[in-house]
Amino acid sequence: MLTYTNPQHTAEDAAEAMRNLVFATRSFADPCDTYWVVSDLAATARRMEQVAIQVAAAHRQNLHLAHDQTASTAVGGVKALTAAAHLRRVADLLRQAHTRLDLAAKHSGAIAWYDTVPATGDRARGQVRRSRRSAPSEE
């Protein structure tokens with residue numbers, strides 16, 4: 001159950017959800033679902049970017065509490081700042097990932113998936129699949 005107050009448990013839930021998605025996307029019974037998966041991945045990348053920024057901030061804000069295993073505050077502080085710097089880089093990469101996923105979703109959403117293609121190759125006579133969720137309107 002999501003608590004929204006326990007970051008560790010909520011992160012575990014998110015990791016488990018992604019593990020489930022790995023298995024669920026091994027094959028697609030309906031190719032229309034690819035649009036929704038890509039769109040949701042874009043939203044997830046944006047949220048993960050925010051999480052990385054917030055965790056980086058927590059490392060910097062709690063620098064005075066950072067120690068290493070030998071109780072050295074100098075080494076602990078360097079480790080905390082290094083972790084924060086890596087998390088900021090992760091946030092930058094996630095922002096780029098979001099942009100690419102958003103572009104992929106726009107192209108995926110423009111695809112008309114057909115149930116079948118007639119043997120004659122006349123694609124115009126095939127049946128277009130209907131998506132289970134409605135696509136967002138373009139303005």
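**Close-up 1. Ala43, a partly exposed residue in a predicted model.** Ala43 has a relative accessible area of 24%, so Ala43 counts as partly exposed (buried is under 20%, exposed over 50%, and partly exposed in between, with a 1.4 Å probe and protein chains only). Residues are numbered from 1 along each chain, and side-chain values use heavy atoms, without hydrogens or water.

**Close-up 2. An aromatic pair, Tyr35 and Trp36.** Rings of Phe, Tyr and Trp (its six-membered ring) pair if their centres lie within 6.5 Å; planes under 30 degrees apart are stacked, over 60 edge-to-face, and the rest tilted. The count here is 1 aromatic pair. The ring centres of Tyr35 and Trp36 are 4.6 Å apart with planes at 80°, so the pair is edge-to-face. Tyr35 is buried at 13% relative accessible area, and Trp36 is buried at 10%.

**Close-up 3. The largest pocket.** A pocket is an open set of points on a 1 Å grid over the protein atoms alone, where a 1.4 Å probe fits, with protein on both sides within 12 Å along at least five of seven lines; lining residues have an atom within 4 Å of a point. The largest pocket has a volume of about 660 Å³, the space filled by probe spheres set on the points. Of its 17 lining residues, Thr10, Ala11, Ala14, Met48 and Val51 are the closest to its centre.

How values were computed:
Predicted model: local features only at pLDDT ≥ 70, side-chain atom pairs only at ≥ 80, totals over all residues.
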